Amino acid sequence: MKIIVCIKQVPDTKGGVKFNPDGTLDRGAMLAIMNPDDKAGLEAALRLKDQYGAEVTVLTMGLPKAADVLREAMAMGADKGVLVTDRVLGGADTWATSTTIAGAIRNLEYDLIITGRQAIDGDTAQVGPQIAEHLGLPVISYAQDIKVEGDKVIVQRQYDDRYHVLEAKMPCLVTALSELNDPRYMTPGGIFDACKAEITTWGRADLKDVEDSNLGLAGSPTKIAKASDKVRKGAGEKVTPDSPDEAVDYIVGKLKEKHVI
Amino acid sequence: MNLEEYKGVYVFAQQVDNEISGIAFELLGKAKELAAPLNTDVTAVLIGSDVKGLADQLAEYGADKVIVVDDPELKEYRTEPYAHALASVINKYKPEIMLVGATAIGRDLGPTVSARVATGLTADCTVLEIGDFPLVAVPGKEDEQKHNQLLMTRPAFGGNTIATIACPNNRPQMATVRPGVMQKIDPIKGAKAVVEEFNPGFTPNNKYVTIKEVVKAVSDTVDIMDAKILVSGGRGVGSPENFKILEDLAAALGGTVSCSRAVVDAGWKPKDLQVGQTGKTVRPNVYFAIGISGAIQHVAGMEEADIIVAINKDEDAPIFDVADYGVVGDLNKIVPQLTESIKAAIAAK
């Protein structure tokens, strides 16, 4: 079985968001990590590899430094890494990004493609289903459990108040939730091998069946009209009462003042 | 693509188990506002099996027209037959704007359909308005500025940044919209819409998946998005059993219990009670954040509450940066006593 896992390098918003003195987001000061949903997708692929034997290829699109997450994935157990990087691919929205990744995947053999549901920087959840659409594959989003039986995948697909157990014939694409599993750590041997491993690097010329007009900033149907850091309403009062009685009197007082009670 | 051909504001009227989801009514409310400056009307696209009877409800909430795609293949949501249905509607009727709820269904359907009809899609919007793109005309290129564009505003970066996005050269302009943000109109009793049935034909292909089982979560709780008072607990509550003190407080105030992601991840509470970026956006009158540190992803889902009361033993917890009234202290001591005090205050009225 051949599995492709699409991963993204993202700034770590969970490890504490850093701001510049002027209130804008200091992206340079934040750690770059493998996107959590993608990491769960990678772990799911590695478990299928452990169970049935599989070749796991990790693929990312980004700046040259995004090779770091490919090496991390290989240190966890992925077999091959593919970096798609090219100046003309920059500034892509989800349409142009999914077009690019689909163009790269057309060069590879696969039974199963796994992506994270969404990345913690853009939070769109669009790239996975759009890759499937470009490749003409069935898509199962929001996977909370992935199993393989013969040439089929059996997936628990999460909804708000239920889940569906879905069966799809491979090849297909599944988007993974971070709830899926607890990803394994890199092994020392894995880290050693991953440092030396060769990473395949592809640019625009390597993308298959893709029009220039669908790539990068120029090929993105959505355009940013304005971007700003969010203005929050700011802190109100904070008190440190000496006793629970005092705390309760404070809260009850405020609730009365605001006519809640 | 001849952009002039595309007319009307369309809404995907999500239904589950033949019950229209609240988001459909919210989208209709917003669609009516958007249709006014465009001098156009509002169409709801109702997709399912045996759903035609739901059209009147959509009319009462603002739909001028309802397109019904009714087919046995559409009984439960599956990406492929639904994407085929909605993409076929778009190709036939050519809407100028297509709105979809940013639900677990819409966030799968929207991207698939937008890729199929080759247009842009903006995810999880919180503000939609009609305006110019670029916002300010480039000097000397005033005639290149496009008017009557859909401007879609959304948070990104876990709610830390906010961007306004347009889709000037493709149609329809598509957006998914976060539930709980747009206002539905007061229903107009007896309102009727023009109902049109359309069936593009459904022939199963490789993209059709099989539903082997539907497992519904057993839940008799109130939808937290409808609650006026929410008593929300985080990891600091300590155990699932200890949520009892929050439930007592909620009961005293006529409110509902909700929780943070950590609580769902720990298996203490079901997913449908989760507030935040990957849960629900809530805007109650009062939000109690109890033992919740206030990660940015949580704050993104509750900061629009009118009054935020936080109780946390960590005086540096980020929740205090958004709380109107923050109390540093032990929730185990404060909450039960608060419940008794509130009961007494209400009884004394």
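In the predicted model, A:Val239 stands opposite B:Val327 in strand β18 of chain B. The strand β18(B), residues 325-328, is joined to β13(A) by three bridges, and the two strands run parallel.

The contact between the chains involves 66 residues of chain A and 76 residues of chain B. On the side of chain A that touches chain B, two or more residues are given by each of α3 (94-105), α4 (127-135), β7 (139-149), β9 (162-169), β12 (223-229), β13 (237-239) and α6 of chain A. The largest share, eight residues, comes from β9(A). By class, this side of chain A comprises 30 nonpolar, 15 polar and 21 charged residues.

Helix α6 of chain A (residues 244-257) packs against helix α8 of chain B (residues 331-347), with the axes 9 Å apart and at an angle of about 45°. The two helices are therefore oblique to each other, and α6(A) passes α8(B) in a right-handed crossing. From α6(A), the contact takes A:Pro244, A:Ala247, A:Val248, A:Ile251 and A:Val252; these meet B:Lys333, B:Ile334, B:Gln337, B:Leu338, B:Ser341, B:Ile342 and B:Ala345 in α8(B). Nine nonpolar, two polar and one charged residues make up this helix contact.

Within chain B, domain 1 spans residues 3-197 and domain 2 spans residues 224-347. The centres of the two domains of chain B, taken over C-alpha atoms, are separated by 33 Å. Eight residues of domain 1 and 10 residues of domain 2 of chain B form the contact between them. The side of domain 1 of chain B that touches domain 2 has three nonpolar, four polar and one charged residues.

How values were computed: Residues are numbered from 1 along each chain as its sequence is written. Chains are lettered from A and ligands numbered from 1 in the order in which they are written. This is a predicted model: local features need pLDDT of at least 70, side-chain atom pairs count only at pLDDT 80 or more; totals for chains, interfaces and linings use all residues. Domain bounds come from an automatic or database domain assignment. Two residues are in contact if their C-beta atoms, placed from the backbone, lie within 7 Å. Ala, Val, Leu, Ile, Met, Phe, Trp, Tyr, Cys and Pro count as nonpolar, Asp, Glu, Lys and Arg as charged, and the others, Gly among them, as polar. Axes are lines fitted to C-alpha atoms, for helices over the stretch in contact, and angles run from 0 to 180 degrees between N-to-C directions. Helices (H or I, at least four residues) and strands (E, at least two) are DSSP runs, numbered from the N terminus. Angles under 35 degrees count as roughly parallel, over 145 as roughly antiparallel, 65 to 115 as roughly perpendicular and the rest as oblique. A crossing is left-handed if the near helix is turned anticlockwise from the far one by less than a right angle, and right-handed if clockwise. Two strands pair if DSSP finds at least two bridges between them.
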